[in-house]
Amino acid sequence: MENSPNTDPSQAGKTEQQTATNNVPKSGERPDQGAAPVMNPWADSNKDDADKRIMTAPDTLGAKHAHPILAQPPEELLKLKLGRPATVAAGITAVLKSGSFSFSEDGPVRGTHALLKLNQKDGFDCSSCAWPDPDEHRSFAEFCENGAKATASDAQSDPVGPEFFAKHSLADLSRMTDRDLNNAGRLTHPMVLRPGATHYTPISWPEAFQLAGDELNALPSPDEAIFYTSGKVPNEPAYLYQLFVRQFGTNNLPDCSNLCHESSGAAMSPTTGLGKGSVTLNDMYEAEVILIIGQNPGTNHPRMLSALQKAKKNGAKIISINPLHEAGLLHFKNPQDFMNPLKALGVLLGDGTPITDIYLQVRINSDQLVLRGLMKCLLEAEELNPNQVLDHEFIRDYTTGYPELVKNLHETSWADIEETSGVTRAQIQEAASLIARHKKVITCWAMGLTQQKNGVYTIQEIINMHFMKGAIGIAGAGLCPVRGHSNVQGDRSMGVWERPGPAFLDALEKEFRFKAPREHGLDVVDSVKALHDGKVKIFMAMGGNMLSACSDTEFVAEGMRKLRLSIHVTPKLNRGHLTNGEMALLLPCYTRIDIDRQQSGQQFMSCENSMGVVSMSKGVLEPIPGQMLSEVAIVCGIALATLGERTTVDWVGCTQNYDLIREYVARTIAGFEDFNTKLRHPGGFYLPNGPRERNFTTDNGKANFSTTPYEKHVLEPGQLVLMTIRSHDQFNTTVYDYNDRYRGVYNERRVIFMHAADIAERGLREKQLVTITSHFEGQQRHAEKFIVVPYDIPQGNCAVYFPEGNVLVPIGSVAYKSNTPTSKFVVVTVAPIEMPAGTRLPVAQQVAVPA
């Protein structure tokens, strides 16, 4: 069975049937995707049933005194060192960092083997970002610096087992930094927190499954349980997870997409008919103009820089719209060139490839008006050059709502655009002149837009601009929401969503002969409110760290402490595993890098990237010693213990051979027909994508222009608008180290980036210690001990890292329509902390930072 066509991709790839169904395009071509539409989970995107209550603010300052187990990262300061922000991303430094981090965690042999199989067609999918891999040739080092960090972290061989937990109470662990919690090592044994206990203790797998099943079955209603999902979870366990939850009887399936790209889906579904992007990687190479808005690819999607470099060499112009000048948007030195003797010297000594041609440094939450300004310029250019700027044929044949859009644009004044955005009309006209002359336009965006108060409306303005140009459904043009988590898009395709469509539920009912729940479940924000109300008794998480990922950290913690049972399926320890109620289970699982052997032989799984490619992921390293199980086995074990005779799913068979899971998927999710066959093609296959073919499966079958409202937010004197951001040494809530070398910050994370004029206006100084206070609906939340760092950020704006800054984001402050926390729009004030005479901050060598 080990080498059967059902389990060995090298054997299966030789069948004639697979050759016939291969839809991987050659370079410069677009994929043959088939006619079947994919499930559109954003069919009802307005979230009208979201809980709109403004909840009472938690005591953010007193929580550390009231609770021995800290929900926030500890406040102890390190030794801050400041340097000049970088103007070039990657290069030889990235190569050295990738190697040193990997070898230090795994050893040179294990680490090198893992990296050489990362993102390869016969290897495993990176567990960090969702940027796609090339369809054809892939380099021998098809990874970036942060992918190397994620791989080294997943492959870490240090054990965290019963002896570790016997030495460390939960209170002690909560005083470790997030970096040290992650770097402690891999969890090796199932652990339990008993009522009244201060330490996790060992538990057998059968007892753990039975405890979970008994507690779930004891609930008066299935809706008293919440089942969270991280984007690290591959397709196969994600499908089984949502199936188990729905057979249990609830749609309470919040996931990390609620916190990131929910706004993208809410904007795209009613306008294009699909909540996913419409471009391929080959489109990026053909584009004439690429807009990058609210995205920092140098840190969050570094392999995207290679695609941008190739696009630039092909003649593309790039427009960046972002509050910060990020290194990855300025210049890029491709680490792959270092391996080429003819290019290595240029990597060492040259300035790299210039990325951005026009940089619009916009104020936080005002991108919507900049986009309106761009469209106003396009209208003016069309008047001067009839039928040369806009695609009137596309507008006539495919769209509705164009006259209303034009009216809305005319009613938007340039004075409002310039005053609110901080970008001048001349700057916007310069950018618009590039767009006006070309049709092959791609717009990329990420959480810099989706987590704005106006996020959905801003993305709809992007879509409006593309419809005006006819820049969708043709080679080299389209929409590109860049997912920040490796399989968050795939989890949605597998049905992980609190608002499933009726067609999907009908398919589950037909296949598995049960009555699926139809009432919408709870997203992350509403789950947190239900936790706080005491309406939820059990919380289960497949990976992730909802405590630290969500807004309003102390509010989330107050709800978590009311739980009867928490169930955490995870390979490593994080802060979210420490704040619990009466009981908790810590269930260690494999990572993608681990070889997963089951009864039928070695298994593989699948992931979907940002451009709708589903590909194989197969572990390559022997798991470290311990009692870890696969995510599939853990879901199946809990399902069997909970559902018993009520289930019609072959949970045992699914554990033994993951092909059975894919057969279930093929029969219940459109676009995944013949899943097992297509997945075994090297490089995987493309899912159907209507907008890519100008097939807009909206309610009216049209591409719908949007007439968006705009609410002007007026600040009181002394207030700033804050956003949370990542450092270069973290992935989502996972912190690998304390440095952010692209922004010139070393050995510290508790910093606040401010404009020099804002610092002076408040009588502050560089490296001064401050308290940040957020203001929302008359409420205040406080974050102590942040160090002032002068930075090139628009006046009136400031930034801090998350998760440290999440305590400031109110749970009730969400984006219009999508219910996503507004981590990119927090109104704050900053005040100095009075230090005792003679007190000095711990600092390393100090280097001046130009403001």
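Colleague: How many nonpolar, polar and charged residues are in the lining of the second largest cavity?

Modeller: That lining has nine nonpolar, twelve polar and five charged residues. In this scheme Ala, Val, Leu, Ile, Met, Phe, Trp, Tyr, Cys and Pro are nonpolar, Asp, Glu, Lys and Arg are charged, and the others, Gly among them, are polar. Before we go on, the ground rules: this is a predicted model, in which local features need pLDDT of at least 70 and side-chain atom pairs count only at pLDDT 80 or more, while totals for chains, interfaces and linings use all residues. Residues are numbered from 1 along each chain as its sequence is written, and side-chain values use heavy atoms, with hydrogens and water left out.

Colleague: How is a cavity found, and how many of 30 Å³ or more does the search find?

Modeller: The general idea is that rolling a probe the size of a water molecule over the atoms shows where empty space is left. Here, a cavity is a set of points, on a 1 Å grid over the protein atoms alone, where a 1.4 Å probe fits but cannot get out, and lining residues have an atom within 4 Å of a point. Points are joined across faces, edges and corners, and a volume is the space filled by probe spheres set on the points. Searching the whole structure this way turns up eleven cavities of 30 Å³ or more.

Colleague: Now the chain as a whole: what percentage of its residues is buried?

Modeller: Buried means under 20% relative accessible area, exposed over 50%, and partly exposed in between (1.4 Å probe, protein chains only). On that scale, 66% of the 851 residues are buried. The chain has 34 helices and 33 strands. For contacts (heavy atoms within 4.5 Å), take those between residues at least 6 apart in sequence: 81% of them join residues at least 24 apart.

Colleague: Which residues touch the most other members of the largest nonpolar core?

Modeller: Such a core is a set of buried Ala, Val, Leu, Ile, Met, Phe, Trp, Tyr and Cys residues joined through side-chain atoms within 4.5 Å. Of the 65 residues in the largest one, Phe-227, Tyr-239, Phe-244, Leu-585 and Ile-638 touch the most other members. Setting aside neighbours within four places in sequence, Phe-227 has contacts that include Leu-216, Phe-248, Pro-254 and Met-540. A second, separate core of 54 residues includes Met-375, Val-389, Leu-434 and Ala-477.

Colleague: Where is Leu-434 found?

Modeller: Leu-434 is in helix 22 (residues 425–436) and, with 8% relative accessibility, counts as buried. Leaving out residues up to four places away, Leu-434 touches Val-289, Lys-317, Ile-319 and Ile-358. Lys-317 is 117 residues from Leu-434 in sequence, yet their C-alpha atoms are 7.6 Å apart.

Colleague: How many residues of helix 27 are buried?

Modeller: Nine of the ten residues of helix 27 (residues 524–533) are buried, so this helix is largely enclosed by the rest of the structure. Its cover includes strand 7 (225–229), helix 28 (546–549) and helix 29 (553–560). Helix 6 (residues 145–155) is mostly covered too, with eleven of its eleven residues buried.

Colleague: And the backbone: which residues does a cis peptide bond join?

Modeller: Phe-802 and Pro-803, with omega at about 10°. Pro-803 sits in the loop between strand 32 (797–801) and strand 33 (826–832). Look at phi as well: Arg-513 is not a glycine, but its phi is positive, about 55°. Arg-513 lies in the loop between helix 26 (502–512) and helix 27.

Colleague: Is Arg-513 buried or exposed?

Modeller: Exposed, with a relative accessible area of 62%. Glu-777, also not a glycine, has a positive phi of about 50°, and at 58% relative accessibility Glu-777 is exposed.

Key. On a 1 Å grid over the protein atoms alone, a cavity is a set of points where a 1.4 Å probe fits but cannot get out, and a pocket is an open set with protein on both sides within 12 Å along at least five of seven lines; lining residues have an atom within 4 Å of a point. Helices (H or I, at least four residues) and strands (E, at least two) are DSSP runs, numbered from the N terminus.
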